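Welcome, and please have your viewer ready. We will go from stop to stop, selecting a few residues each time.

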Amino acid sequence: MAKPVQPKKADIIAVKRQVANPGIKSVKTVKSAAAPATARTARPFPIVAIGASAGGLEALELFLRHVPADCGMAFVVIQHLDPNHKGMMPELLQRATAMPVAQAKNRMKVQPGCVYVIPPNRDLSILHDCLYLLEPIAPHGLRLPIDFFFRSLAEDRQEQAIGVILSGMGSDGTLGLRAIKERGGLVLVQDPTTARFDSMPRSVIEAGLVDIMATADELPLRIADYVLHFPVTTIQRQIDEVETEEQTSAFDKICILLRNRTGHDFSLYKKSTVYRRIERRMTIHQLDHISNYVHFLRENTQEIDLLFKELLIGVTRFFRDPVSWACLQERILPDLLAAYPMGAAFRAWVAGCSTGEEAYTLAIAFREVHEKLKLPGRYSLQIFATDLDPDAIAKARQGFYPANIAADVSEEHLRRYFVENDGRYQVGKEIREMVVFAPHNLIMDPPFTKLDIVTCRNLLIYLGAELQKKLLPLFHYSLNPGGTLMLGSAESIGGFTELFEPLDAKMRLFRRSSNLLPAYQLEFPTRHFPTRTESIMVTKPEPTTDNLQNLADQLLLQQFSPTAVLVTGTGDLLYISGRTGKYLEPAAGKVNWNIHAMAREGLRHELSLALPRALRDNERAVYRNLRVSTDAGTQVVDMTVQAIKEPAALRGMVMVVFTDVATTPLPEAVSTKSRTRSSQREAELERVLAQLQQQMQTLREEMQTSQEELKSTNEELQSTNEELQSTNEELTTSKEEMQSLNEELQTVNLELQSKVDELSSANNDMKNLLNSTDIATIFLNNALHVRRFTTQATRLFKLIPSDVGRPLSDIVTDLVYHDLLDDAEEVLRTLVYSDKEIATSDGRWFQVKIMPYRTLENVIDGVVITFNDIGRAKTLEAQLRVDASNNTKE
């Protein structure tokens, strides 16, 4: 409960004002009404934050004067104030509105229908609809109270946050409006042409954040219209989370329109995010049903572009989540550098870089760590920064940022890595050269490879689960073993714990594991390129003479009756109707059927002006009282020139019609010939003057058209130049990727060559080992086909090198062993070896052993048959038997 306050002179004046005008509440009444007692309503209400600076008082009064009664919104005014003087802003604004106006106090509860003003020398924040006053940290010249409160409001009220920028100098408020835009709130600015100081509104416009731009007195009505339709969309979706069939169909149609227009597929993005952005656009256009918005998109292609920009969510800032960057600088980067004491060239990829703040932050962090460690080797970091938005990439390449980045960048960083230029900061050339920016679709374009660091912060939260399952294995593939993955504070690796090991799970830093990816396929959908309307060259028909005459006669009967000719756009005659000798005559010399060459004196000049004008304006041009020199004298003629649209066969041609005009007889009252000649001379001069004026007007119009065409051509050339620069960067990136891939292939080739050498050496060792044993050996597969045999085996089997792969049963043998193959099959079946003594047809004896062939994986893959020569043993055995028999007889 607030402490009781003793009445002061200001309070007495306020009470007197209330008595004089009961419609206006006093400041003291506001304080009690806005005290943290019971909320007036439990229903969420929008909070409108208004930022203003120089010239802002007039705009604020104009704004508040036009706020509708019972609007159901709260207003918080953030004005740049002198910290050394008592604030009079509440009293000044109270004159312009019937709503209670109060100076904000600590822990003051915000209520709808009230206005709160920031006090001098304080920063204002909001938490759970309560205002909090904070001591400013930055010195007076560097304070950004508008940005500070806008960011706080965006976090606290999400889509119910509304930010307004009025007259002011500098760029305070731009970064805060980015946060409001990211959370789905509404962004409005005063029309810069009506602001006393237009720096703040123009800063927001140049950042591409504006939803509505209007004069200060129109802004309250636009906000009221937005809030009026607001519950029909977002709040209703919070109540009813079930997606109807109509919504699903409309959502799919919107995705199709976006894909056809931009080439990017948003159907797999998180639906809640896409719906929220669609609903914002619907609310701005006051559309209650999503099906109506689909119809609106089809009729307004510009809205598709705006929705595309809305979905890109280009919100970022320098050193976002400072604790994570500190962890990267203190733990990750030093370990990375220490692993290569002799120096190395590192590669990093910043996915979804927006306007480049995060990419430059990584470059600055690396440069600081490198300078701090003072290692002897040469180190470099090449950063590839990519984003879906080509406009954001273009801004990132330039490296220009508003002065209010001082809220996120320390003074030391600004001094070392930025250059101040015309009230803005530009990233230093040394840092800019570390970063290569390129448009890139994360889910449609091939990834970068051989990377040491990948940052993808605050992007995965906007993607559906299916896309996230594709991207995390993609990052694993892109990183080198032991590489670092940096995610946003609200993101995680999900179930891919076998791909990444947490370095600091709280800071969202992960290390790539050495596990391979047998279960994940790196598949990307086919890119859909945007459909662009190409200019269609209408092929002029070449109708036959009969059809041409019929069509021309029909047209003449409908619209014209006098003498006429049908010509092409360049003046070539196609058809003549009537007697045209008085107006046209063939020119001397080579035959030339062009109307400009055949026109008589008096028509030639007008025709040269009339034909281009008729084709350009598609309007009928009439030239009256033209004096044409004929064989019989001078004939006054009216000439009509009209470009033809219908029928289609005559489209692109021009009809020229000549109509004789009867000469007016001279009045009988004229008495002298001199007066008659004078009048004729004046008329002739007036006619010539009119012709010259018309010619000048035509030339002026043609010159303006040429200037517009040259301007358009210049813009196209500038755009082409930027595209070529971008293509050059992309080619440079591709070249580096190819070099990296070539190095990788060379490494793999060396590894394979090493394996081949090892295998060859092992093969030689095995061959020599088998030969040194002097034991015949045959290797058979499971089908009892010859796999390998030793040289000694050829003494028993008629084997040659080409017999490898043939069944052993096809090979002739000297062994008297008819059950050899049956015994081999039995060994395969029972895995019990066989050992027999077998004689040959020529009296030799061999010990035949059949054993299973086991692989290193303990898999039976055939049999091994060895033939050990036991002839000497058999001879000795026979001799012993003979000796024993002789001894017995004796």
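Start by selecting helix H22, residues 673-773, and find Leu745 within it; helices (H or I, at least four residues) and strands (E, at least two) are DSSP runs, numbered from the N terminus. The model is predicted, so local features need pLDDT of at least 70 and side-chain atom pairs count only at pLDDT 80 or more, while totals for chains, interfaces and linings use all residues. Residues are numbered from 1 along each chain as its sequence is written, and side-chain values use heavy atoms, with hydrogens and water left out.

Is Leu745 buried or exposed? Leu745 is exposed, at 51% relative accessible area; buried means under 20%, exposed over 50% and partly exposed in between, with a 1.4 Å probe and protein chains only.

Next, the rings. The whole structure holds 17 aromatic pairs. One of them is Phe418 with Tyr425, edge-to-face, with 6.4 Å between centres and 80° between planes. (Rings of Phe, Tyr and Trp, the last by its six-membered ring, pair if their centres lie within 6.5 Å; planes under 30 degrees apart count as stacked, over 60 as edge-to-face and the rest as tilted.) Phe418 is buried at 6% relative accessible area, and Tyr425 is buried too, at 14%. Select Phe318, Tyr360, Tyr401 and Phe437 as well, and you have the cluster that ring pairs link together with Phe418 and Tyr425.

Now look at Arg424, whose charged end sits over the ring of Phe400, 4.4 Å from the ring centre. (This requires NZ of Lys or CZ of Arg within 6 Å of the ring centre and within 35 degrees of the ring normal.) Arg787 has its charged end over the ring of Tyr853, 4.8 Å from the centre.

For the last stop, select strands E19 (residues 500-504) and E20 (residues 509-512), which run antiparallel and are joined by four bridges; strands pair if DSSP finds at least two bridges between them. Which residue of E20 stands opposite Glu501? That is Arg511. Four residues lie between the strands of this hairpin, where Arg508 takes a positive phi near 60°.
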